[in-house]
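Trainee: Could we walk through this model together, one question at a time?
Mentor: Gladly; take a look and ask away.

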There are 2 protein chains.
Amino acid sequence: MPNPTAAMLVIGDEILSGRTRDANMHYLAGELTKHGIDLKEVRIVSDDAPAIVAAVRALSAAYDHLFTSGGIGPTHDDITADCIAEAFDAHLDVRADARAILQAHYDTQGLELNEARLRMARIPEGAVLIDNPVSAAPGFTLGNVHVMAGVPMIFQAMVASVMPTLTGGQPMLSQTLRVQRGEGEIAAPLRQLAETYDDLTVGCYPFQKDGVFGANIVIRGHDGARIDAAMTDLARELGQ
Amino acid sequence: MPNPTAAMLVIGDEILSGRTRDANMHYLAGELTKHGIDLKEVRIVSDDAPAIVAAVRALSAAYDHLFTSGGIGPTHDDITADCIAEAFDAHLDVRADARAILQAHYDTQGLELNEARLRMARIPEGAVLIDNPVSAAPGFTLGNVHVMAGVPMIFQAMVASVMPTLTGGQPMLSQTLRVQRGEGEIAAPLRQLAETYDDLTVGCYPFQKDGVFGANIVIRGHDGARIDAAMTDLARELGQ
């Protein structure tokens with residue numbers, strides 16, 4: 001059986017303006033790979049409702065899971081919950097369970113659960129809350145969409161909450177061979193290898209650093225023994 | 001007149017598997033912002049021809065410019081040129097101008113322009129070459145699509161070649177106010193500010209580090225005097 005598939009939607013002007021360098025995509029990619037869920041596509045859109053709604057609809061329909069990052073805080077530019085509700089035609093309002101979590105959190109801190117903070121208790125009908133051990137305000141899962149915060153520390157904690165609830169597939173395994181030869185020299189044997197081992201993927205990633213150039217050849221697949229065999233063939237072929 | 005719009009398409013399994021952290025998106029975002037071109041959307045897809053072709057068609061139709069990164073090297077997994085040609089129904093073959101550039105480069109190095117390397121001279125009919133001062137093999141512009149290498153050093157050099165050929169708009173200006181207060185406390189005045197200055201965008205980006213928490217408030221727009229005015233109002237309102 002093939003692995004489940006996933007997409008990610010990163011929401012935020014600050015990424016597209018170059019102000020902030022996204023960290024969540026790289027983190028989620030690694031976690032999904034370990035869990036045997038294949039990340040197939042990522043999109044990054046700005047804090048623009050029609051763009052978010054369109055991307056949520058397209059990606060949740062095309063893949064088994066969609067993970068979103070960003071736009072669930074208390075300020076006016078946090079519109080992700082509204083967009084998810086709109087995409088699925090779900091009712092959105094302050095929910096008692098989410099409100100109770102926030103109330104307890106702010107009571108402990110001696111802070112008021114004001115109108116802005118209460119925005120974070122607006123959860124679409126039918127959604128399951130995602131635990132936020134860092135700052136309380138929950139994420140949520142609606143259908144196959146997992147809605148999480150953009151702040152990396154909170155995003156990572158939410159991924160840790162969600163991941164055990166998902167059925168994974170076979171973890172993707174990989175081995176890397178680093179060669180100090182140009183891609184153009186090794187392209188022919190690599191193509192041959194990819195054809196022989198068509199159940200694996202063979203990637204070639206050139207590097208050039210401090211006057212040294214070469215490539216990392218990465219063989220990926222679900223069967224460790226097959227990867228071993230391919231790597232042995234490759235090393236022999238390249239005389240390594 | 002509104003600024004020109006742009007999208008970016010990052011092509012590569014290595015990003016989606018979590019092996020490599022993309023660097024080109026953040027770089028391009030910063031360069032476009034300086035140049036007055038608004039980056040509206042980024043997509044990342046794997047080395048999969050139908051996915052690449054579909055994304056190229058969708059993004060080149062929706063925005064003024066599309067920038068692609070990755071998949072133009074000499075190995076079997078480099079299929080970007082093929083996909084661009086297919087997306088625009090353009091003929092693809094080794095082109096004399098690109099071949100001459102590669103021939104001169106490999107002659108200098110005493111290396112053979114073999115079949116694999118010659119793949120990098122395959123350029124769609126009608127495309128304009130993009131100069132590659134790092135490793136010779138050119139990128140190309142076809143219609144509104146700028147096709148560039150994935151290796152960051154080469155990508156950046158190609159961006160430097162392309163950018164002066166594009167008509168920019170008004171550079172996006174921004175000012176940031178860092179406050180050590182929770183988002184929930186400042187959300188109401190921020191919303192008010194965003195409504196008063198509806199020609200600017202007001203973003204709020206929380207941070208939490210070493211026990212200190214707060215937010216960076218970023219005001220963006222094209223008119224420096226307006227941003228000054230909004231920032232003055234904000235600082236007064238927050239008592240900073």
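Trainee: Is strand E2 of chain B largely enclosed by the rest of the structure or open?
Mentor: First, this is a predicted model, where local features need pLDDT of at least 70, side-chain atom pairs count only at pLDDT 80 or more, and totals for chains, interfaces and linings use all residues. Residues are numbered from 1 along each chain as its sequence is written, with chains lettered from A and ligands numbered from 1 in the order in which they are written. A residue is buried if 20 or more other C-beta atoms, placed from the backbone, lie within 10 Å of its own. Seven of the eight residues of E2(B) are buried, so the strand is largely enclosed.

Trainee: In what sense do strand E1 of chain B and E2(B) pair?
Mentor: Helices (at least four residues) and strands (at least two) are DSSP runs, numbered from the N terminus. Two strands pair if DSSP finds at least two bridges between them. E1 (residues 5-11) and E2(B) share seven bridges, and their sense is parallel.

Trainee: Which residue of E2(B) is the bridge partner of Ile44(A)?
Mentor: Strand E2 of chain A also pairs with E2(B), in the antiparallel sense over five bridges. Within E2(B), Arg43(B) has Arg43(A) opposite. For Ile44(A), the bridge partner is Val42(B).

Trainee: Which C-alpha in chain B is nearest the axis?
Mentor: Copies are superposed by least squares on the C-alpha atoms of residues with pLDDT of at least 70 in both. Here a rotation of 180 degrees with 0.0 Å of shift along its axis superposes chain B on chain A (RMSD 0.0 Å). That is the relation of a two-fold axis. At 2.2 Å from the axis, the nearest C-alpha is that of Arg43(B).

Trainee: Why do the copies meet through the same surface?
Mentor: Residues are in contact if their C-beta atoms, placed from the backbone, lie within 7 Å. The contact takes 46 residues from chain B and 46 residues from chain A. The copies meet through the same surface because the share of chain B's interface residues that are also interface residues in chain A is 100%.

Trainee: How many residues are in the largest nonpolar core?
Mentor: A nonpolar core is a set of buried Ala, Val, Leu, Ile, Met, Phe, Trp, Tyr and Cys residues joined through C-beta atoms within 7 Å. Among the members that touch the most others are Leu9(A) and Val56(A). Val56(A) is in contact with residues including Leu9(A), Leu66(A) and Val145(A). The number of residues in the largest core is 97.

Conventions. Contact = placed C-beta atoms within 7 Å. Buried ≥ 20, exposed ≤ 12 C-beta atoms within 10 Å, placed from the backbone. Lists of a residue's contacts leave out its neighbours within four places in sequence.
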